[in-house]
Amino acid sequence: MAIFKKAEKKLTLNDIVLPEHIGIIMDGNGRWAKKRGLPRTAGHTVGAQTFRKIARYCSDIGIKHLTVYAFSTENWKRPKEEVDAIMKLFKEYMIEAINDFQDDSIVVKFIGDRTVFPDDMLELIEKNEHDSKDRTGMVLNIAMNYGGRDEIVNAVKTLAKDVKDGKVDVNDIDDKLLSDLMYTSGQPDPDLIIRPSGEYRTSNFLLWQSAYSEYCIMDVLWPDFKTEDLDKALIEFAKRNRRFGGI
Ligand code: IPE
Ligand code: IPE
Ligand code: MG
């Protein structure tokens, strides 16, 4: 008699607990373009569309916080033409987000050192944040000129100044105080960080906040990333056993 293995039930999003906060390192645009004989900037253009689609999807399925890594403090090392093309895409997105946002429940925030951006970009950043601040849906953090080390250095500088001015006692410095000085102040730490493009590194993303984040490294390149890939990561996350140092 043939023995049939009991078929394992295929999990769907309805069966699992979703992470409250997802981080995504939107990587692989350049390789996607290279594979097709296109300039790297073409990969960024398609990657920007993927971002719109995935952000919308996260909001639709009820994710509370999404942080996307769009441009790092190290990405300025790239050729000017590529940096300019990425900045142009940001601008287009920010104008679109103000005028005709597909999901008007999303709260838009920008994390990173914004002081380097020209006035017109800064105005768009501030207008997006201002116009969306009273919404009640998903918080979308866009990491632009963001670096985890840079964020920690800035927090330490603020703290040092507060100690010097007598506003903070050295003995009161703890995790919570530092967390409140990060760009993500008031938001939960990411539960899940997804990195498409198969690279096994953080590349300076949310260093402080990711102490206990689950990483999901995926082989797909960001411009090819589909909502089904996000589902896969969510299901993988649901199977992980998070211990936070306990047993
Ligand atoms: C991510 O894709 C986008 C940015 C860093 C701005 P990449 O441009 O790093 O793509 P790869 O890693 O070269 O394929
Ligand atoms: C990380 O990707 C930054 C973003 C996706 C915005 P990089 O492509 O810059 O990372 P490395 O250089 O491969 O580590
Ligand atoms: Mg890359």
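Predicted model: local features only at pLDDT ≥ 70, side-chain atom pairs only at ≥ 80, totals over all residues.
On top of that, α2 gives the largest pocket the largest share of its lining.

**α2 with α7**

- Helix α2 covers residues 40–61 and helix α7 covers residues 227–239; their axes sit 10 Å apart, at an angle of about 50°.
- That angle makes α2 oblique to α7, since roughly parallel would take an angle under 35 degrees and roughly perpendicular one of 65 to 115.
- On the α2 side, the residues in the contact are I54, Y57, C58 and I61, and they meet T227, L230, D231 and L234 of α7.
- Sorted by class, this contact has six nonpolar residues, one polar and one charged.

**α2 with α3**

- The crossing of α2 and α3 is right-handed.
- From α2 come R40, T41, H44, T45, A48, F51 and R52, which meet E81, E82, A85, I86, L89, E92, Y93 and E96 in α3.
- The contact of α2 with α3 splits into six nonpolar, three polar and six charged residues.

**α3 with α4**

- The handedness of the α3 and α4 crossing is left-handed.
- α3 brings M87, F90, K91, M94, I95, A97 and I98 to the contact, while α4 brings D120, M121, L124, I125, K127, N128 and D131.
- By class, that gives nine nonpolar, one polar and four charged residues in the contact of α3 with α4.

**The largest pocket**

- The largest pocket holds about 740 Å³ of space.
- Its lining runs to 34 residues, and M26, N29, Y69, A70 and N75 are the ones nearest the centre of the pocket.
- Elements that each put at least two residues into the lining are α1 (29–35), α2, β2 (65–72), α3 (80–99) and β4 (139–146).
- Helix α2 leads that group, with six residues, the largest share of the lining.
- In terms of class, the lining of the largest pocket has 16 nonpolar, eight polar and 10 charged residues.

**Where the topics meet**

Definitions and conventions. Residues numbered from 1 in each chain as written. Chains lettered and ligands numbered in written order. Heavy atoms only, no water. Axes fitted to C-alpha atoms, helices over the stretch in contact; angles between N-to-C directions. Helix = DSSP H or I, 4+ residues; strand = E, 2+ residues; numbered from the N terminus. Parallel < 35°, antiparallel > 145°, perpendicular 65-115°, else oblique. Contact = heavy atoms within 4.5 Å. Nonpolar A, V, L, I, M, F, W, Y, C, P; charged D, E, K, R; others polar. 1 Å grid on protein atoms, 1.4 Å probe; cavity = no way out; pocket = protein on both sides within 12 Å on 5 of 7 lines; lining within 4 Å. Points joined across faces, edges and corners; volume = space filled by probe spheres on them. Left-handed = near helix turned anticlockwise from the far one by under 90°.
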